[in-house]
Amino acid sequence: MAQTLTARVWREQPQRYRMIANRDRETGRVYFPPRLAAPGNLEAEFEEVQLSGRGTVATFTVIRVAPTPYADLAPYALALVETEEGAKLMCQITDVDPEQVEIGMPVEFEFRRLFDDNEASVIYYGYKAVPV
Amino acid sequence: MRDVAVIGIGMTKFGELWEKSYRDLFVEAAKAAMLDSGADNLDSMYVGCMSGGLFVGQEHIGSLMADYLGVAPIPATRVESACASGGASLRAAFIEVASGISDIVLAGGVEKMTDVDGGMATYALATAADAEYEGFHGATFPGLYAMIANAHMHKYGTTPEMLAHVAVKNHDNGSLNPYAQFPAKISVDAVLNSVMVADPLHILDCSPVTDGAAAVVLAPLEIAAKLNAKPIRILSTGMATDSIALHDREEITHLNAVSVATTRALEMAGLTIGDIDFAEVHDCFTIAELCVLEAMGVYQPGKAGPAAMRGETARDGSLPVNPSGGLKSKGHPVGATGIAQAYEIVKQLRGEAENGRQLKDVKRAIAQNMGGSGGSSVVTVFEA
């Protein structure tokens, strides 16, 4: 993965490290990652929201053929998790046999090591989910 | 707006073509389309290509291909909409001819995917998803469609056997296509026992990594009739977008871009889906063919799997789907795929499909090409 720029790593920290989303004040819909415009409304006003860190598995798969940075980790469970706030996000489910993951399973997010980029000597951290 | 017709078609064999360069692939297909058309010059051209940059380290593809086709200084534009780049190239050419700005316009597509290793190809393809919020967490394209498949199974009771029937049918069709990358016939058991890539998708649920190119030449109908004995009309085009990431979809199993693009194309043509005799659709994974047919309105949600089991989408079924073998058997050089769909449709509507895969009494067809996990889709309607 060619995501080796220092500025990019820094810019993405609010989402990767603290799960900062935003909420459309009018509709109440929560967006993760945060958006500057809502569908059909360029003038939507947003407020910052920190996701609670809890959600349920909406769908999932077990990745057995992984992209290069995650090659050593395969097989791993990857899921779409619907958060308590109603936003969905994609993340790995860890600390569980990937075969045991199910749709509807309650999970909590944790701060974890994701992968390292040997070329840039950067270790990437972010969120993964674990079964409750 | 002027009526538009296809007057020439060409394509390379699809496969792992180590002996052929990126530019030579395109020129081979474009030359064949030009020679087939009866036209001796082009006014303009479009080249669909997803990622020359990541696959071969080359951008500025319009210039490169016009140069090597020997048609410079005509205008030439590279068009990109991930795996729907070919369909978007066809749409751009159609609009240019229909508008009256140009008369003879080539729409091509090309991808050279086997100069990089598997990890790099997986990475390059994954850039068609949300790189920051899907790819970053280890998503692959089989993985994204596997999540759609699991959701579809959970909601509608779709089974791995239903998915396997899509692969078996498309390989059966592809076995009759001389350009197909994997023309071997396969069985349901072979699909179900093949290695798992991303549960529940096996390797034989997935389209391959492919080198190849395809091209078609368009002209206004009145000129087409003078140049070519069997011009095939393009009645309409529809394109639509959806959220690039799965996480922003209201309903993961519904491909809204496909639905909207189909509605637009059918309305423009003044037709309904029931007026269509056969379809070439974007079966990058077996589950994709089912979700696409449901989004196009051919089947109600959840009904495409049982229909595949009953053989309704086979060559002798009520709506033949992917008589070419589809992406699954024919191969999926991503930028070329949308044009290769048009190639098969024109062959069929001319009555020239090889090896006994010619469909009987077909007059109208629809092509559906898709980018990413459904973030974009282009739909085109053709009539003999």
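How many aromatic pairs are there over all chains? The count comes to 14. Rings of Phe, Tyr and Trp (its six-membered ring) pair if their centres lie within 6.5 Å; planes under 30 degrees apart are stacked, over 60 edge-to-face, and the rest tilted.

This is a predicted model, in which local features need pLDDT of at least 70 and side-chain atom pairs count only at pLDDT 80 or more, while totals for chains, interfaces and linings use all residues. Residues are numbered from 1 along each chain as its sequence is written, chains are lettered from A and ligands numbered from 1 in the order in which they are written, and side-chain values use heavy atoms, with hydrogens and water left out.

**Aromatic pairs**

A pair of aromatic rings is described by the distance of the centres and the angle of the planes. Two of the pairs are set out here.

| Pair | Centre to centre | Angle of planes | Type |
|---|---|---|---|
| Tyr31(A) and Phe46(A) | 6.2 Å | 75° | edge-to-face |
| Tyr124(A) and Phe136(B) | 5.7 Å | 85° | edge-to-face |

Tyr31(A) lies in strand S2 (residues 30-31) of chain A and Phe46(A) in strand S3 (residues 46-50) of chain A, so their pair ties together parts 15 residues apart in sequence. Helices (H or I, at least four residues) and strands (E, at least two) are DSSP runs, numbered from the N terminus. Tyr31(A) is buried, at 3% relative accessibility. Buried means under 20% relative accessible area, exposed over 50%, and partly exposed in between (1.4 Å probe, protein chains only).

Tyr124(A) sits in strand S8 (residues 122-131) of chain A, and Phe136(B) in the loop between helix H5 (118-126) and helix H6 (141-156) of chain B, so this pair joins two chains. Both Tyr124(A) and Phe136(B) are buried.

**Tyr76(A)**

Tyr76(A) is in strand S5 (residues 76-83) of chain A. Its relative accessible area is 4%, so Tyr76(A) is buried. Beyond its neighbours within four places in sequence, its contacts (heavy atoms within 4.5 Å) include Tyr70(A), Pro98(A), His137(B) and Gly138(B). Pro98(A) is 22 residues away along the chain, yet the two C-alpha atoms are separated by 5.9 Å. The side chain of Tyr76(A) reaches the backbone oxygen of Gly138(B) at 2.7 Å.

**A buried charge**

Glu96(B) belongs to helix H4 (residues 85-99) of chain B. Glu96(B) is buried but has no salt bridge. A salt bridge is a side-chain nitrogen of Lys or Arg within 4 Å of a carboxyl oxygen of Asp or Glu. The nearest side chain of opposite charge, Arg2(B), is 8.7 Å away. Lys and Arg count as positive and Asp and Glu as negative; His and the chain ends are not counted. What joins the side chains of Glu96(B) and Ser102(B)? A polar contact of 2.6 Å does. Such a contact is a pair of N or O atoms within 3.5 Å; within protein, one must be able to donate a hydrogen and the other to accept it, and residues adjacent in sequence count only if both atoms are side-chain atoms.

**Backbone exceptions**

Most residues other than glycine have a negative phi, and most peptide bonds are trans. A cis peptide bond joins Phe32(A) and Pro33(A), with omega about 0°. The bond from Ala72(B) to Pro73(B) is also cis, with omega near 15°. Asn322(B), not a glycine, has a positive phi of about 60°. Asn322(B) is buried, at 0% relative accessible area. Asp361(B) has a positive phi of about 50°, and counts as exposed at 76% relative accessibility.
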